Amino acid sequence: MKRISKVGSPDAVVMWITFGATVLMPELDWAIYMGIAISIMLYLKDTNTAPVKILVPFDEEGSRFSEREITSVKKRINILIIQIEGNLYFGSAVDLGNKLEALSDKADVFIIRMKTVSTIDITALGAIEQFINRAQEAGSNVILCGVETGLNAMLLNSKLIEQVGIENMFISKDEIFA
């Protein structure tokens, strides 16, 4: 308990609330439920943002990239690599949609790298579909790359592949930027 308190992480909040509920509540199981509920709320609070970065080449050959914030794109460019990360679900869908909307008219070709996206729900998928619609309306092409095989099945069942075209979707490989 001393170590958890010293670190001061969200675990400390959960621990102290659960401890207090254990002492004050008439039944132990209610204290456990309260600790679980607080843990879930803190988790959802921490995951309501979608990590979206821009990958920019910083050498002549384009073999090395640096991550930049999406606000670094000021004018329209030829190719823009957007890296989406994490678990995308309803809690992060609004943030994802807002970040992608800010980029929808900034490139002729968008490459959406989804290498580290392990799960996506229908709400987050809708945000990506809206971005693709806006980008295509602005005359841009969209390519999906780094799609994991588990995610591939869901994308194939959605209308997203029809929007992008199967020729513009690339399954994840072990090679970097394959």
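Helices (H or I, at least four residues) and strands (E, at least two) are DSSP runs, numbered from the N terminus. This is a predicted model: local features need pLDDT of at least 70, side-chain atom pairs count only at pLDDT 80 or more, and totals for chains, interfaces and linings use all residues. Residues are numbered from 1 along each chain as its sequence is written, and side-chain values use heavy atoms, with hydrogens and water left out.

**Aromatic pairs**

- Rings of Phe, Tyr and Trp (its six-membered ring) pair if their centres lie within 6.5 Å; planes under 30 degrees apart are stacked, over 60 edge-to-face, and the rest tilted.
- That rule gives four aromatic pairs.
- One of them joins Trp16 and Phe19: the ring centres are 5.8 Å apart and the planes stand at 90 degrees, so this pair is edge-to-face.
- Trp16 and Phe19 sit three residues apart in helix H2 (residues 10–24), about one helical turn.
- Trp16 is partly exposed at 44% relative accessibility (buried means under 20% relative accessible area, exposed over 50%, partly exposed in between, with a 1.4 Å probe and protein chains only).
- Phe19 is partly exposed too, at 41%.
- Tyr89 and Phe90 also form an edge-to-face pair, with 5.1 Å between centres and 85 degrees between planes.
- Tyr89 is buried at 14%, whereas Phe90 is exposed at 55%.

**Second largest pocket**

- Strands S1 (52–57), S2 (65–68) and S3 (77–88) each supply at least two lining residues.
- The lining divides into ten nonpolar residues, one polar and one charged.
- Ala, Val, Leu, Ile, Met, Phe, Trp, Tyr, Cys and Pro count as nonpolar, Asp, Glu, Lys and Arg as charged, and the others, Gly among them, as polar.

**Strands and crossovers**

- Two strands pair if DSSP finds at least two bridges between them.
- S3 and S4 (residues 107–120) run parallel, joined by nine bridges.
- From S3 the chain passes through helix H4 (residues 90–101) to S4, a right-handed β-α-β crossover.
- Right-handed means that, with the strands pointing away from the viewer, the path from the first strand over the helix to the second runs clockwise.
- Five bridges join S4 to the parallel strand S5 (residues 141–147).
- Arg113 stands opposite Cys145 in S5.
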